Amino acid sequence: MSLTAFSHGPSGVSAEPAAQKKSRIVWFLLLPGLVYLVLFFITPLISLVITALKEAPPGAFIGEYVTALRWENYSEVLSLYGEHSIRSFVYAAAATLIALAIGYPLAYFIGVRLRPYPLWQSLALVLVIAPFFISFLLRTVAWKQLLADEGFIVGTMKAWSILPPDTHITGTAVSVIFGLAYNFIPFMTLPLYSSIERLDLRLLEASNDLYAGAFTSFRKITLPLTMPGIISGTLLTFIPAAGDYVNASANFLGSTSTTMIGNVIESNFLVLQNYPHAASMSLILMSAILVLVSAYVFKSGTDDLL
Amino acid sequence: MNKQNLPEDPIIRELVQHARAAQISRRALLGGAFGGAIALSLAACAPGEQALVAAEDISDSDPTVNWANWPLYLDEDDAGNHPTLDAFTAATGITANYLVDVDDNNSYFAKVKDQLALGQDIGADAVCLTEWMVSRWIRRGWTQEFNLDNIPNHANVVDTLLNPDFDPGRMSSLPWQGGFAGLVYNSDLVTEPVVSVADLWREDLKGRIVVLSEMRDTLGVMMSSQGVDITKFTADDFYNALDEVEARVTDGYIRNIKGNSYSEDLVSEDALAGIVWSGDITVLNLEAGYEKWKFVLPDSGGTFWNDTFMVPIGSPRKTNAEKLINWYYDPAIAAQVAAWVNYVTPVNGAYEEAIKIDPALAENQLIFPNADTLSQVSIFRSLSDAEENEFQAAFQGVLLG
């Protein structure tokens, strides 16, 4: 079937059957992807929705629930963990801004300044990706050691009176946001680079010729042209950061006062075995991110950029 | 759902149970579609009503045994073999598969509970979990009762562990290794020793305290410090202790509440003291090369926990599992294991055997505690399912801040 289909080009005499065959091939080629989606996305999602409405029958053992329509699960998790949800989005937003502030100049440097030196450019890109060669769990644990109370960094900061003597960094919001930003900088930098790299420098020359200052040139030319990179970079950082449960976990950079939604879901799922609460929290997280992201994409008018 | 008696024949019985389970899921779908009325009728058939039947024993025809245990919990040589287990195979002809499957009581439970509830084989014939979890399994009828003829060494279990509230006489569980939860402090950086829970709230340790995320150990130590007997505490006692933990977290005394990874905080010296497990401190000090961290049982008392053998209901190799347990209740074998794992051994006579291996080891109170040491610790009482749900949720509430 596929052989005959390929023998007919788009310019074939009988246009319609060829198109039909072609569309069948398209479906055939899509099949693995569709099967994958149904098996590993749609099915778990349906199961999640059902689980989120389950209830524990009277006298049930731990972790035993029956199917029901218990909408209270949602109101319960919202009242129990509303603070954690807000905290997650605040942390994720702060980490995204920090990653942008660090990633943009970095991507600009690699994409524009290093443009005449392709070798250095490639090398710099490899360096951006280099952290991925080591598991991010290990790198996060390493930061925990580096930022430890008796470590060099905190010791020096205390000696120079940058930090008051009885304060610490690990286990605070500072270390969690730092960890999130650190872990997601490559996800921010790479999309930024790919759009900055395409920036036509002649436009900047032109704006200079027209007496635009450096700031005006940036605002009127560089920024709008690199917007696609900013949008995809911030999305790639914000979405996973909001659901991250490693950095904020007490085992890594966080403590009991920095727990995010991911930690709440983990604890409900693995320790309390309160699957309905874990599932409804997951769905709330998904919808909140969906709403925030659509608002963001809509606001920046970037439908065509994605 | 109607409660009909299940047939006696195990195979037919299982088939009926399967059919019923399928029925539930079909109805469950309807419940999802049509609302609460059907869900309520489902609620009536809460699982766990029928008594489970132990699997038929095929030990005679299948000389193997699968043993699920925690990491670093059995003697191991440089080649990765387990000398005492190899000796067991040589002595009995039973091939033992040692599975390091248990990393956490809760997550192991979550993994196997559905099979257990149906009485199916979970792929392990002997499992070692912590006592509170063992108590949960026994409550649900998920374990098989021992045939003591196969475990003559049953008589060697130490008296203090013979009659726990969940299994008097140890008819379906036997301790594997145990340990204490107590206090620790970094003797390099903390000049004044920590001897009581109150010492943890000294100003020089503020913000440098780590406590365990294992509810029974942290709350056990805290309740003892409030003068409560943890072998028979009330809900009020529990909440009083929890309130103190929460207040200490809020006021910044307790820096973190964690599981096994608290040892990283001790090593990085973020935490200078805390409530911890004895075995880990032995290991940390071995790595440091000297007794850098001092483990202390608080004057008000510490907790004593045990990881405990049991045979899951669906295991078809119970006799082999019993022979395995019997093997490790031989004092000479128990001493060999103790010399490697550094936890409290529950076998009478192992102390005398350990003197032969290494007299210093035998005197280590964290491995072979004497009566005096044991008088300073107590075992957290068993909780009912309802209490477990309630207390755990309250404790997680503090953990999640």
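Hi everyone, this is a short walk through the contact between chain A and chain B, with a look at two strands of chain B.

First, some housekeeping. This is a predicted model, where local features need pLDDT of at least 70 and side-chain atom pairs count only at pLDDT 80 or more, while totals for chains, interfaces and linings use all residues. Residues are numbered from 1 along each chain as its sequence is written, chains are lettered from A and ligands numbered from 1 in the order in which they are written, and side-chain values use heavy atoms, leaving out hydrogens and water.

So, the interface. Counting contact as heavy atoms within 4.5 Å, 34 residues of chain A and 41 residues of chain B take part. Together the chains bury about 3300 Å², 55% of it on carbon and sulfur atoms; buried area here is the accessible area (1.4 Å probe) that two parts lose on being put together, summed over both. On the side of chain A, the residues losing the most area to chain B are A:F61, A:I62 and A:T256, together 21% of what that side buries.

What about charges? A salt bridge needs a side-chain nitrogen of Lys or Arg within 4 Å of a carboxyl oxygen of Asp or Glu, and five cross this interface. In one of them, A:D149 meets B:R255, with the closest N and O atoms 2.7 Å apart.

Strand β5 (residues 209-212) and β6 run parallel, paired over four bridges; pairing takes at least two DSSP bridges. B:I209 has B:I254 as its bridge partner in β6(B).
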